[in-house]
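Please open the structure in a viewer and keep the sequence at hand.

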Amino acid sequence: MDAVDLDDLTRRMDGAIQVLKHELSGLRTGRASASMLEPITVNAYGATMPLNQVATVSVPEARLISVQVWDRSMAQAVEKAIRESSLGLNPVVEGQLMRIPIPELNAERRQELVKVAHKYAEAARVAVRHVRRDGMEEVKKAEKDGLGQDEMRALSDRVQKLTDQKVAEIDQVVAAKEQEISQI
């Protein structure tokens, strides 16, 4: 009899790690990636829309992103949104097509990106700890429902071990990204 659903806790902790990996994939490392432009929103047709709903984003070369705007009247709004994003990109507009060269990263920008990666990692660690807290609350509830001290201690240890394992996985993911960012 398991009073605590460890599979559910594992699934929820893995979800936090997946979110971290997705956020880190959007961090720029000097190579072009279509996911870099995912956070950009455009003022279009009186509403704020994600860039991928008004244009096609592709990566024709390692250091170039191409944005094909579907509606010619939206080209200026898309260009403005890309320029004003915190990504430091300057699109070259050719009608409905925008070419966005990815500049080399300088040391200062690399350090900023490493800090952002660590911020994402800390948010993932906090999410894992929240899941751990929920698991520990389930253990305490099970104790009140008649679970013995030994079983309670064993369950608490398993929840803590799972938490430690997932935090270590987060640390590995962010260390790999930090190494990728630091490569010249």
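Y45 is found in the loop that joins β1 to β2 (47-50). The model is a predicted one. Select Y45 and consider its backbone: phi is near 55 degrees, a positive value in a residue other than glycine. For context, most residues other than glycine have a negative phi. Is Y45 buried or exposed? With a relative accessible area of 58%, Y45 is exposed, because that value lies over the 50% cut-off.

β1 and β2 form a hairpin with two residues between them, and Y45 belongs to the turn. The two strands pair in the antiparallel sense over four bridges. Two pairs of residues may be picked out here: A44 stands opposite A47 in β2, and N43 has T48 in β2 as its bridge partner. Now display the side chains of β1. V42 and A44 make up the covered face of this strand, whereas T41 and N43 make up the uncovered one.

## Second stop: A55 in β3

Select A55, which lies in strand β3 (residues 55-61). The relative accessible area of A55 is 2%, so this residue counts as buried, the cut-off being under 20%. Which residues does A55 touch, not counting residues up to four places away in sequence? They are V67, Q68, V69 and W70.

Select β4 and β6 together. These strands pair in the antiparallel sense over five bridges, and Q68 stands opposite L97 in β6. Then bring in β5, which pairs with β6 in the antiparallel sense over three bridges. β5 and β6 form a hairpin with two residues between them. In the turn of this hairpin, G95 has a positive phi of about 70 degrees.

Remain with β6 and select R99, which is placed in that strand. V92 stands opposite R99. The relative accessible area of R99 is 34%, which makes this residue partly exposed. Which residues are in contact with R99, leaving aside its neighbours within four places in sequence? The contacts are L64, I65, N90, P91, V92 and E94. A distance may also be drawn from R99 to S58: the two are 41 residues apart along the chain, and their C-alpha atoms are separated by 9.9 Å.

Select helix α2 (residues 75-84), whose buried residues are A75, V78, E79, A81 and I82. These residues lie on the same side of α2, because they cover an arc of only 160 degrees around the axis.

Where do the buried residues of α2 pack? They pack against β1 (41-44), β4 (64-69), β5 (92-94) and β6 (97-101). This stop therefore leads back to strands already visited, β1 among them.

Select K166, which is placed in helix α4 (residues 149-182). Is K166 buried or exposed? At 6% relative accessibility, K166 counts as buried, because the value is under 20%. Display its surroundings next: not counting residues up to four places away in sequence, K166 touches T10, M13, D14, I17 and V128.

## Last stop: the largest pocket

Finally, turn to the largest pocket, which has a volume of about 390 Å³. Its lining consists of 21 residues, and G26, M36, P39, L87 and Y120 lie nearest its centre. The elements that give two or more residues to this lining are α1 (6-25) and α3 (107-144). From α3 comes the largest share, five residues. Colouring the lining by residue type separates nine nonpolar, seven polar and five charged residues.

Methods. Residues numbered from 1 in each chain as written. Predicted model: local features only at pLDDT ≥ 70, side-chain atom pairs only at ≥ 80, totals over all residues. Heavy atoms only, no water. Buried < 20%, exposed > 50% of the residue type's maximum accessible area, 1.4 Å probe, protein only. Contact = heavy atoms within 4.5 Å. Arc of directions from axis to C-beta. Pairing = 2+ DSSP bridges. 1 Å grid on protein atoms, 1.4 Å probe; cavity = no way out; pocket = protein on both sides within 12 Å on 5 of 7 lines; lining within 4 Å. Points joined across faces, edges and corners; volume = space filled by probe spheres on them. Nonpolar A, V, L, I, M, F, W, Y, C, P; charged D, E, K, R; others polar.
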